[in-house]
Amino acid sequence: MSAHAFYLWASYGMFALAIAVELFLLRRRRALARQHALLLSQESPAPAARVTANQAPSQDQRVSSTLERTP
Amino acid sequence: MSLFQFASPARFYPLAGRLVSVFGWLAAVLCLVGLYIGFVVAPTDFQQGEAYRIIFIHVPAAWMAMLIYLVMAAWSAAALIWNTRLSAQMAEALAPTGAMFAFVALWSGAFWGRPTWGTYWVWDARLTSTLILLFLYLGFMALKAAIDDPRKADRAASLLAIVGAINVPIIYFSVRWWNTLHQGASVTPGSSKMASAMLSGMLVMSLAAWAYAIAVSLHRVRSLMLERESGSEWVSQVLKAERA
């Protein structure tokens, strides 16, 4: 093991680090997204659910939805 | 009940939440089993010594980097054809994990190459095309981030993903088409040149990587849905239910 230990553990170490970083970023993004969504839902208690099907909303729909939320 | 109903983020969000924990635990268990086989059961290689054990992360990472790109390209094609929100979000959710696996494949390959080939890097076809794969992932993410309009960003990045898919067969067949320092495939469908303990360790680690990629992508797509759909009624209801 000693001759190749550095190469082996450098590989496994980076693998573990890469997964740890990804999981950390994932949790942070989730927390930020939740916080943002919570803030928006508190600002507009009854938002207009214009898009309920699986089609992407058009640019006009996005703009009008934003305008509706603006006080 | 049709599968297409899950194309709606409102329906897919709770389903993804349940699947995240299932695949997350599956990944953890399979990883432990794979590492046990790789470090305890599998014997030392008579030529490469202990350095060959890098195979238990290198090959699964390389396979996943290629597979995730193909899946990402397929979701991108679906997003362009059917203009569904979920398809573009799934493609976006897969990219960072694919990039991570491509990076790990390159890194572990370099640290395997040094003791076996005498060098960390050579510009041979397999290594170079895998580096291009990493750049394609990074380009996909950068393109998404650079365009403000999400729909335009989805379209541009989808096109890049589809065009870039041509690189995957180039990576796979590069060791056959060109004379490379990288060895040929040790495992092909129906045959293997590896000892059974080594092969089983590698396959279990590959399954763990699959489960991990699914869990992480589903987790990320849930965050993307919250980011993009915040303000819609279903998100408010979901947040209320989660707080209750």
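**Figure 1. Packing of helix 4 against helix 5 in chain B of the predicted model.** The axes of helix 4 (residues 125-146) of chain B and helix 5 (residues 150-164) of chain B approach within 8 Å, with a crossing angle of roughly 170°. Because angles over 145 degrees count as roughly antiparallel, helix 4 of chain B is described as roughly antiparallel to helix 5 of chain B.

**Figure 2. Residues in the contact of helix 4 with helix 5 of chain B.** Helix 4 of chain B contributes Leu136(B), Gly139(B), Phe140(B), Leu143(B) and Lys144(B). From helix 5 of chain B come Ala153(B), Asp154(B), Ala156(B), Ala157(B), Ser158(B), Leu160(B), Ala161(B) and Gly164(B). By class, the residues of this contact comprise eight nonpolar, three polar and two charged.

**Figure 3. The interface of chain A and chain B.** About 4,100 Å² is buried between chain A and chain B, and 62% of that area lies on carbon and sulfur atoms. Tyr12(A), Arg29(A) and Arg30(A) account for 16% of the area that chain A buries against chain B, more than any other three residues.

**Figure 4. Salt bridges and polar contacts across the interface of chain A and chain B.** Two salt bridges are found across this interface. A salt bridge joins the side chains of Arg29(A) and Glu227(B), with an N to O distance of 2.8 Å.

Notes
Residues numbered from 1 in each chain as written. Chains lettered and ligands numbered in written order. Predicted model: local features only at pLDDT ≥ 70, side-chain atom pairs only at ≥ 80, totals over all residues. Heavy atoms only, no water. Buried area = accessible area lost by both parts, 1.4 Å probe. Salt bridge = Lys/Arg side-chain N within 4 Å of Asp/Glu carboxyl O. Polar contact = N/O pair within 3.5 Å; in protein donor to acceptor, adjacent residues only side chain to side chain. Axes fitted to C-alpha atoms, helices over the stretch in contact; angles between N-to-C directions. Helix = DSSP H or I, 4+ residues; strand = E, 2+ residues; numbered from the N terminus. Parallel < 35°, antiparallel > 145°, perpendicular 65-115°, else oblique. Contact = heavy atoms within 4.5 Å. Nonpolar A, V, L, I, M, F, W, Y, C, P; charged D, E, K, R; others polar.
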